Amino acid sequence: MTENPELEINQVRKSFGSNEVLKDVSLSIGKGEVLSIIGASGSGKSTLLRCINLLEIPQSGHMVFKGETIDFVDVSKGRIKQAKINRLRTRIGMVFQSFNLWPHLSVLENVAQAPVHVLGKPVQDANEQAEILLGKVGLADKRNEPPSSLSGGQQQRVAIARALAMQPDIMLFDEVTSALDPELVGEVLDLMRQLAEEGMTMLVVTHEMGFARHVSHRTAFFHQGHIAEIGPSEDVLSSPENPETRQFLDRVLNHI
Ligand code: ADP
Ligand code: MG
């Protein structure tokens with residue numbers, strides 16, 4: 001396990017009815033670490049991210065986030081104050097495959113919205129921060145445009161800026177390039193690489209094996225609701241020990 005982890009999840013189990021989707025998943029991620037999660041569709045990757053953000057509540061297990069323990073049984077029994085859950089959520093940024101920008105707001109308003117409404121930031125401060133973040137993601141000139149005038153790659157960069165505006169301690173990415181036209185994938189991956197180089201702690205579910213190999217420090221292979229293999233990305237992707245990892249990589253790397 002990681003020393004002084006930023007986030008640790010322990011023995012997480014999650015079922016939907018009789019379908020056990022997460023089977024005793026434990027994982028830790030250090031501050032500034034980038035961990036990729038790869039694996040077949042339906043193996044439980046999105047559910048894991050959603051559990052970390054408490055969008056789903058596991059039946060058992062706990063997590064420790066920045067030293068604070070959250071027992072999932074306590075959450076499901078309503079023994080944890082909603083304020084604590086809300087505070088936790090503000091510290092965890094999440095970006096999805098579908099960008100879900102608010103269509104009636106400008107690009108800048110999309111980024112400034114949550115800091116004002118969730119954190120109570122003064123509008124002017126939130127707008128100034130949004131300007132800076134839009135500069136960072138290379139979209140300062142689009143600040144007054146509606147999201148619909150942007151390409152998919154640009155919209156996803158706005159969605160990343162929107163998550164960063166909450167100044168999260170960790171960012172969760174769930175297949176954020178999967179819905180993009182191939183020529184737009186690179187600009188989003190470049191931005192994620194930049195965040196990684198700046199030391200952001202990142203948990204990245206991805207089909208981009210190049211990103212997993214070259215940007216993430218470690219890669220976990222998810223198989224049927226559990227982590228079948230985890231290790232330094234180069235090892236897992238170049239010389240996997242688990243036969244299922246090998247089969248998966250053979251399929252995705254030789255899919256022509
Ligand atoms: P992945 O992201 O690896 O493709 P998911 O976590 O989305 O996998 O899904 C894993 C399994 O959990 C699938 O069988 C899926 O149908 C099921 N599942 C996910 N979310 C729900 C839900 N809200 N209700 C019922 N089943 C779900
Ligand atoms: Mg998924």
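Here is a friendly walk through the structure above, going from helix to helix and ending at the ligand. Keep in mind that this is a predicted model.

Let's begin with helix 4, which spans residues 107-117, and helix 6, which spans residues 152-164. Their axes come within 7 Å and cross at roughly 25°. Angles under 35 degrees count as roughly parallel, so helix 4 and helix 6 are described as roughly parallel to each other. Their crossing is right-handed. If you want to find where they touch, look for Val-107, Asn-110 and Val-111 on helix 4, and for Val-158, Ala-161 and Arg-162 on helix 6. Sorted by class, this contact has four nonpolar residues, one polar residue and one charged residue.

Now stay with helix 4 and turn to another partner, helix 5, made of residues 123-136. Here the axes come within 8 Å, and the crossing angle is roughly 130°. Helix 4 and helix 5 are therefore oblique to each other. This crossing, too, is right-handed. From helix 4, the residues Val-107, Leu-108, Val-111, Ala-112, Pro-115 and Val-116 take part. They meet Val-123, Ala-126, Asn-127, Gln-129, Ala-130, Glu-131, Leu-133 and Leu-134 of helix 5. By class, the contact between helix 4 and helix 5 has 11 nonpolar, two polar and one charged residues.

Next, go back to helix 6 and follow it to helix 7, which covers residues 182-197. These two helices pack at an angle of about 20°, and their axes are 8 Å apart. That angle is why helix 6 and helix 7 are called roughly parallel to each other. On the helix 6 side, the contact is made by Gly-152, Gly-153, Gln-154, Gln-156, Arg-157, Ile-160 and Leu-164. Helix 7 contributes Leu-184, Glu-187, Val-188, Leu-191, Met-192 and Leu-195. Seven of the residues in this contact are nonpolar, four are polar and two are charged.

Finally, let's visit ligand 1. Which residues are around ligand 1? They are Phe-16, Asn-19, Val-21, Ala-40, Ser-41, Gly-42, Ser-43, Gly-44, Lys-45, Ser-46, Thr-47 and Glu-56. You can pick out some individual atom pairs here. In the side chain of Asn-19, an N or O atom is 3.4 Å from an oxygen atom of ligand 1. For Ser-43, a backbone N or O atom lies 3.2 Å from an oxygen atom of the ligand. Gly-44 also uses its backbone: a polar atom there is 3.0 Å from an oxygen atom of ligand 1.

Conventions:
Residues are numbered from 1 along each chain as its sequence is written. Chains are lettered from A and ligands numbered from 1 in the order in which they are written. This is a predicted model: local features need pLDDT of at least 70, side-chain atom pairs count only at pLDDT 80 or more; totals for chains, interfaces and linings use all residues. Side-chain values use heavy atoms; hydrogens and water are left out. Axes are lines fitted to C-alpha atoms, for helices over the stretch in contact, and angles run from 0 to 180 degrees between N-to-C directions. Helices (H or I, at least four residues) and strands (E, at least two) are DSSP runs, numbered from the N terminus. Angles under 35 degrees count as roughly parallel, over 145 as roughly antiparallel, 65 to 115 as roughly perpendicular and the rest as oblique. A crossing is left-handed if the near helix is turned anticlockwise from the far one by less than a right angle, and right-handed if clockwise. Contact means heavy atoms within 4.5 Å. Ala, Val, Leu, Ile, Met, Phe, Trp, Tyr, Cys and Pro count as nonpolar, Asp, Glu, Lys and Arg as charged, and the others, Gly among them, as polar. A residue is near a molecule or strand if one of its heavy atoms lies within 4 Å of it. A polar contact is a pair of N or O atoms within 3.5 Å; within protein, one must be able to donate a hydrogen and the other to accept it, and residues adjacent in sequence count only if both atoms are side-chain atoms.
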